[in-house]
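Biologist: I would like to learn how to read a few features of a fold, one at a time, with the general idea and then the case at hand. Could we begin with the way helices cross?

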Amino acid sequence: MKAVSVSADGATILYDADVVDKIDARFFDPAYWRANGWLVGEARGRGSTWIVRCGERELVLRHYRRGGIFGPWLVDRYLWLGLVRTRAVREWTLLAELYGQGLPVPRPVAVRVCRTGLCYRADIVTERIAPAESLAERLAREPLSASGWRAIGACIRRFHDAGIWHADLNAHNVLLTADGPHLLDFDRGRRRRPGAWRAANLARLRRSLDKLSRQSPRFKFEESGWRALCVGYEERASSGQSSPSAAR
């Protein structure tokens, strides 16, 4: 990665010059991509993620928006505590580290932070992983094989062994590809020392799968799949490390 930083009009942009030659504010504006016919699609959610075509690449543009009880009031504003402490730069930095280590994550392309007084707004761009579908999309259509579940367990264990805590590990953020599973959306993710958070991380994924099962009787999640995931997780375990069975 060749990281470059530019600042103008209260905004700071970081980008990978190995992916894009130059960049400005238009790069983070969905209307710009739409006007040029380069908007490929819009992801589901809070209406803040777009897929765009940039040369030979497809990129994912995401605008940070708040959820939870403060979402309706603060919408997309966050408290300014310094550039390196913004959620966007933290996610960009973590993704760059993980991508550089060969872990299966999207390649970070660019990030923008716009400060206004005590608040900031932000955007991040990553390279789209395609063809692929989320675990949630696959199970909504058909069951996943035992080997597929084991691969997911092994994938998660790779991140855990690297000390990576995923703040929102759910069925939508596990991406299935021909090259194996990937993990998406590392907003608020961070490095942690080994501990009980590993089982809690898996428990979060299990709750996501159970919730989707309750929402649709056609959702193809079975207990045997979860057991296979745990087997894949344990197969990568070093001697003496704890089992994820507590997450069940």
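Biologist: In which hand does α5 pass α6?

Modeller: In this predicted model, α5 passes α6 in a right-handed crossing. Helix α5, residues 146-161, and helix α6, residues 197-215, pack at an angle of about 145°, and their axes are 11 Å apart.

Biologist: Which residues of α5 meet α6, and what is the contact like by class?

Modeller: From α5 come Trp149, Ile156, Arg157, His160 and Asp161, and they meet Trp197, Arg198, Asn201, Leu202, Leu205 and Leu209 of α6. By class, the contact has six nonpolar, two polar and three charged residues.

Biologist: How should I read a sheet, and what is the strand order in the open sheet of three strands?

Modeller: In general, the strands of a sheet pair through backbone hydrogen bonds, either parallel or antiparallel. Here the order is β9-β11-β12, with antiparallel pairing, and the edge strands β9 (133-134) and β12 (182-183) each pair on one side only. Strand β11, residues 174-176, pairs with β12 over two bridges, and Val174 has Leu183 in β12 as its bridge partner.

Key
Residues are numbered from 1 along each chain as its sequence is written. This is a predicted model: local features need pLDDT of at least 70, side-chain atom pairs count only at pLDDT 80 or more; totals for chains, interfaces and linings use all residues. Side-chain values use heavy atoms; hydrogens and water are left out. Axes are lines fitted to C-alpha atoms, for helices over the stretch in contact, and angles run from 0 to 180 degrees between N-to-C directions. Helices (H or I, at least four residues) and strands (E, at least two) are DSSP runs, numbered from the N terminus. A crossing is left-handed if the near helix is turned anticlockwise from the far one by less than a right angle, and right-handed if clockwise. Contact means heavy atoms within 4.5 Å. Ala, Val, Leu, Ile, Met, Phe, Trp, Tyr, Cys and Pro count as nonpolar, Asp, Glu, Lys and Arg as charged, and the others, Gly among them, as polar. Two strands pair if DSSP finds at least two bridges between them.
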